[in-house]
Amino acid sequence: MGFGDQRISSINRRQNNFFNQIWDNLLTYTDTYAEDHNVTVLAGTSFRDEAANRFQATGTDIAGINYETSWYLDFADPLSFNNNVGENNQRIYGQSYFGRVSYNFKNRYLLYGTFRADRSSKFTKEQWGYFPSVGAGWVISQEPFMENVGFFDFLKVRAAWGRLGNDNVPASSGANTISNQTVDLGDTPNTGVTATSTFTDLTWEVVEELDFGFNMNILNNRLSVEADYYIRDTEDAIMPVYIPIANQTVSRNSGVIRNSGVEVALNWSDQIAPDFTYTVGANFTTVKNEAIQIEDESGYIDSGSAEFRQRTIEGEPLYAFYGYETVGVYQNQAQIDADPVAQNAIAEGQDIQPGYFIFNDRDGDGAITDQDRTVLGSFLPKFTYGGNIGLNYKDFGFSMNFYGQSGNKILNRKRGEIIFTNDTNVDADLAKNRWNGEGSTNSYPSSAGLRDSWNQRLSNFWVEDGAFFRIQNIQLAYTLRGDKLKGNIPDFKFTLTAERPLTIFSYNGFNPEVSDGVDRQTYPVPAIYTVGVNVKL
């Protein structure tokens, strides 16, 4: 007993049951006809039954607490179970039939076709989906007319088209709800009802892709090149949709999302001397992401929160940051007095002072409204790249790999959410560059303005460049071979490894790798240095 609190004994019982049954069958037939015609036929089935059940109950005021027999719920006060008992479960069925036929003539002309019939219990409108794909390839380097062309060691062109279903999504669920509401009309309260439906009547999400590419080896197979151009459409994309009346977010088939671009991978390997070899590799991918079609009455789909809105609009990237553009900072009172936008805001009760943002009045109506918002960027990178270097000289070895991306944005929400907290800390960039007098900056708000709602609305100030370059791994190794020394001595391999020793970025956060582009306080990624010895006995 103390300070008005009383500790009461309690017991919680939880039971989890999982049942997963997977049954796959494959049959493959391969044969060659007339020496040059090669055929492979594959057929298969797959079945899955995945179930999970969880039951839990909590009771308080245990009788006979000193005895092991009190470890059971029947020793708790029966009245204490009210609202303390719950059960949830999930069961998913899946069934598939699939087949594949591939044919090649002299390993020169290549054809294949596949077909899948998939069933998933997650969908209610139509549980079955049918997904074909076809592909063709031509190994040009094996043609007779290429025999005297010494430049190409190997050259193949290829093309493919296919559709594939995705059921890695939440299952259809929800309910029709009727709620009583009372509103004042004049001086009289009136009671009525609102009817909402949060049911997600889902169909298959289908990915359709068209791909053209080639593979090439040249310069005595020292240089290999693999390149592809792709167009990948996600049809009936299942996305979270906010229902304002129900104040809930539900998953619905919401439109078509397209990704298109090129993928290129290059690798060079060579031997300079008997004891010296090296390899160099590089790859990059370009991505243009856009919503081709939005199946919603509003013409767009909102996500995120009201203060930090993201919006999917036709012709724009998926979940783009959607807010206001800043065009400067009010430097003095005269500038505020001369600005119609500021005066209209003041007339509506908004406090505006020097050091506050100037927003772009895009529609020119003299006020900052929802119609002045625009797309501020996407968390999806437009360009990703990577590379590796490897050197081997006698008993020494060196390797390094790196990667990076550009064209993406990060919403610095940890900076923007300061208005909701009592934390007086700010990051160093804000502290050094904040507005502190006329002419000090035209980009950063003042310390006082930082917490004001006028400046805290989502704008390009909170959306930052997410590009980065990172050295992921460097390793230096030396092998001391026992057979080169006197006596029966084992081999020793000494390694020095650095993981993530260098990351270059301009974002004002700890880590530029933010999966969904919204940084609510991403933990810093450490650099790790390791010294190792491997003894081969």
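**Figure 1. A salt bridge joins Arg116 and Asp118, with 3.0 Å between the closest N and O atoms.** A salt bridge is a side-chain nitrogen of Lys or Arg within 4 Å of a carboxyl oxygen of Asp or Glu. The model is predicted, so that local features need pLDDT of at least 70 and side-chain atom pairs count only at pLDDT 80 or more, while totals for chains, interfaces and linings use all residues. Residues are numbered from 1 along each chain as its sequence is written, and side-chain values use heavy atoms, with hydrogens and water left out. Arg116 is partly exposed, at 28% relative accessible area, whereas Asp118 is buried, at 6%. Here buried means under 20% relative accessible area, exposed means over 50%, and partly exposed lies in between (1.4 Å probe, protein chains only).

**Figure 2. Arg158 and Asp211 form a salt bridge whose closest N and O atoms are 3.8 Å apart.** Asp211 belongs to strand E9 (residues 205-218) and Arg158 to strand E6 (residues 152-166), so the pair ties together parts that are 53 residues apart in sequence. Strands (E, at least two residues) and helices (H or I, at least four) are DSSP runs, numbered from the N terminus. Asp211 counts as buried, with a relative accessibility of 14%. A network of salt bridges links Arg158, Asp211, Glu226 and Asp228.

**Figure 3. Arg48 and Glu50 are joined by a salt bridge, with the closest N and O atoms 3.3 Å apart.** Arg48 is partly exposed, at 22% relative accessibility. Glu50 is also partly exposed, with a relative accessible area of 28%. In the whole structure, a search finds 22 salt bridges.

**Figure 4. Four strands form an open antiparallel sheet in the order E16-E17-E18-E21.** Strand E16 (300-304) and strand E21 (374-377) are the edge strands, each pairing on one side only. From one strand to the next, the twist averages 45°; axes are lines fitted to C-alpha atoms, for helices over the stretch in contact, and angles run from 0 to 180 degrees between N-to-C directions. Strand E17 (residues 309-313) and strand E18 (residues 320-323) run antiparallel and are joined by 2 bridges. Two strands pair if DSSP finds at least two bridges between them. Arg311 has Ala320, in E18, as its bridge partner.

**Figure 5. The charged end of Arg311 sits over the ring of Tyr300, 3.6 Å from the ring centre.** A charge sits over a ring if NZ of Lys or CZ of Arg is within 6 Å of the ring centre and within 35 degrees of the ring normal. Arg457 provides another example, lying over the face of Phe359 at 5.2 Å from the ring centre.

**Figure 6. Two residues other than glycine, Tyr319 and Gln521, have positive phi values.** Tyr319 has a phi near 50° and is placed in the loop between E17 and E18. Tyr319 counts as buried, at 16% relative accessibility. For Gln521, phi is about 135°. Gln521 is placed in the loop between strand E27 (491-505) and strand E28 (528-536), and it is partly exposed, with a relative accessible area of 46%.

**Figure 7. The structure holds 20 aromatic pairs.** One of them is formed by Phe151 and Phe152, whose rings are edge-to-face, 5.1 Å centre to centre and with 90° between the planes. Rings of Phe, Tyr and Trp (its six-membered ring) pair if their centres lie within 6.5 Å; planes under 30 degrees apart count as stacked, over 60 as edge-to-face and the rest as tilted. Phe151 is partly exposed, at 44% relative accessible area, and Phe152 is partly exposed, at 26% relative accessibility.

**Figure 8. Tyr403 and Phe468 form an edge-to-face aromatic pair, 5.8 Å centre to centre and with 90° between the planes.** Tyr403 lies in strand E23 (residues 396-406) and Phe468 in strand E26 (residues 468-480), so this contact ties together parts that are 65 residues apart in sequence. Tyr403 is partly exposed, at 24% relative accessible area, whereas Phe468 is buried, at 3%.

**Figure 9. Ring pairs link Tyr324, Phe357, Phe359, Tyr444, Trp454, Phe461 and Trp462 into a cluster.** Phe359, one of the cluster members, is the residue whose ring face lies under Arg457.
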